[in-house]
Amino acid sequence: MEKYVITGGNKLNGSVEISGAKNAAVAIIPAAILSQGVCRIENVPNISDVTLILRILKEMGANIRFINKSTLEIDSFNIASPVASYELVRKMRASYYLLGSLLGKFSNAVVSLPGGCDFGVRPIDQHLKGFMALGADYKVEGGMVNVNAEKLCGSNIYLDVVSVGATINIMLAAVVSDGVTTIENVAKEPHIVDLANFLNSMGADIMGAGTDVIKIKGVKKLNGTTYSIIPDQIEAGTYMVAAAATKGDLLVKNVIPKHLESITAKLQEMGVHVDEYDDAVRVYANERPNKCNVKTMPHPGFPTDMQPQITALLSLAEGTSIVNESVWDSRFRYVEELRRMGAEISVDGKIAVVEGKEKLYGAPVKATDLRAGAAMVIAGLAAEGVTTVEDVVHIERGYEDIIDKLSTLGADIRKVSESEVSITKALLG
Ligand code: EPU
């Protein structure tokens, strides 16, 4: 087991380059299964969720070739079976995108029920409803979902909840179906648009991605393509919040500022300075942030995947803030960890009341999930004293080179193995 050891108090200064978007990459890579040619994908983030989805594709027979650290080629010609192995698939939520892409390719998909971050119940009823509307049937056997269709036919689908996963999965299956599919009340996240652009670059006919209604004219086949993944909105937002929490001055580069608007707006409301450039934002702060209320919403609202990070910042704000989590039923497990650092936060269901404190204090804490882990890192960077963050595997699912990137900005952060921690403790008596 590895941990991060952070000695807080250093301001983050300098510039940081944002990697490709995790949640776009984990959709685009399985989408390559639908192609009859080779897909060259650029700006692929080097994170463990991507490594895992690539391993799954490889195990299924895909030929994957790295051109450099962030560019790879996928040739799915040799994928001959619609079954994705349980062992790897169960480790990762986004592996459910194999359902849509295998269904599109074979009219059949057999995939294990997904794992991923634990925010309580994470149903896939809307994904299945979409597949059924396209003419498929499904059964769940031995922990695997088996979706089968004689033929996929275009249809009208209305999503009962705005779901990123369902929107993507239905797009993947519908893109090669017969006829026209209209999906209403869809998610509008930047990675939805990125996936649609990727599929269109392969010859798909998808319109409306980024609005409430997506219209897909099914095509007979998809070709190979070269495509570059968008920058990661949440990685960028995490560094923006870290700059504010440490009262630093940071240029966050390789971003699409439009994707960051909801985060920028909240930071500005808190008195943090944010300057926008074409493909960068500068974030700087000299004072404690002001209190501010935050409600998470599907895009273009404030992203739930930034909720733990902004709560860490609000725990250092002047005054009392209310954080309302409206996307997930249960995404405040990390609050107990922040309390160990001196934060004063009470949670009632989907609402957290954050009484801002002048200081947080270093403590041993856990990364209870990916974004919770990012919040612990932010709190540790801003706190007085030493913070150790356990279970960093969660963090490395979604943040490329976080130690190197933060160290370059002046943070005192190291990754140590469990044994090193015990030796240090013994030496310190
Ligand atoms: N929902 C249903 N039925 C469904 C699907 C979803 O009721 O069939 C509900 C969920 O329970 C939740 C809401 O709809 O309350 C939204 O879920 P959504 O399907 O949008 O989430 P997801 O696709 O499973 C993706 C991201 C998450 C991010 C959410 C919301 C990926 C791989 N994951 O999950 O990202 O929190 O959208 O924006 O894209 C992360 O990156 O840390 C992460 C967890």
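**Entry 1: salt bridges**

I began with E235 and K405, whose side chains meet in a salt bridge with N and O 2.7 Å apart. The model I consulted is a predicted one. E235 belongs to helix α8 and K405 to helix α14, so I noted a link between distant parts of the chain, 170 residues apart. I then looked up accessibility and found E235 buried, and K405 buried as well.

I also recorded a network in which salt bridges with shared partners join E2, E396 and K415.

Next I turned to K22, which forms a salt bridge with D49; their closest N and O atoms are 3.8 Å apart. K22 sits in helix α1 and D49 in helix α2, which spans residues 48–59. These two residues are 27 apart and again connect distant parts of the chain. Both K22 and D49 are buried.

A further pair is K129 and D160, with a salt bridge of 3.1 Å from N to O. K129 is in helix α5, whereas D160 is in the loop between β9 (156–158) and α6; the pair therefore ties together parts 31 residues apart in sequence. I found K129 partly exposed, at a relative accessible area of 28%.

For the structure as a whole, I noted a count of 20 salt bridges.

**Entry 2: the largest pocket**

I looked up the largest pocket and recorded a volume of about 1,000 Å³. Its lining consists of 43 residues, and those closest to its centre are R122, V164, G165, V327 and W328. The helices α1, α5, α6 (164–174), α8 and α12 each give two or more residues to this lining. By class, I listed 20 nonpolar, 12 polar and 11 charged residues in the lining of the largest pocket.

V327 is in the loop between β18 (320–324) and α11 (335–339).

**Entry 3: cavities**

How many cavities of 30 Å³ or more does a search of the whole structure find? I recorded three.

The largest cavity holds about 90 Å³ of space. Its lining has 13 residues, with A21, N23, H191, D232 and Q233 nearest the centre. At least two lining residues come from each of α1 (22–31), α7 (190–201) and α8 (233–245). Of the elements, α1 gives the most to this lining, namely three residues. I sorted the lining of the largest cavity into six nonpolar, four polar and three charged residues.

The second largest cavity holds about 40 Å³. I listed its lining as T238, Y239, A242, A374, V377, I378, L381, I402 and L406. Helices α8, α12 (370–382) and α14 (402–408) each give two or more residues to this lining. The largest share, four residues, comes from α12. Eight of the lining residues of the second largest cavity are nonpolar and one is polar, with no charged residues.

**Entry 4: a nonpolar surface patch**

Last, I looked up a nonpolar surface patch of about 340 Å², made by L113, M132, Y138 and V140. L113 lies in the loop between β6 (108–112) and α5 (125–133). With a relative accessible area of 36%, L113 is partly exposed.

Conventions
Residues numbered from 1 in each chain as written. Predicted model: local features only at pLDDT ≥ 70, side-chain atom pairs only at ≥ 80, totals over all residues. Heavy atoms only, no water. 1 Å grid on protein atoms, 1.4 Å probe; cavity = no way out; pocket = protein on both sides within 12 Å on 5 of 7 lines; lining within 4 Å. Points joined across faces, edges and corners; volume = space filled by probe spheres on them. Nonpolar A, V, L, I, M, F, W, Y, C, P; charged D, E, K, R; others polar. Patch = residues over 30% accessible without salt bridge, like charges linked within 9 Å, V, L, I, M, F, W, Y side chains within 5 Å. Areas by Shrake-Rupley, 256 points an atom, 1.4 Å probe, with all protein chains shown as cover. Salt bridge = Lys/Arg side-chain N within 4 Å of Asp/Glu carboxyl O. Buried < 20%, exposed > 50% of the residue type's maximum accessible area, 1.4 Å probe, protein only.
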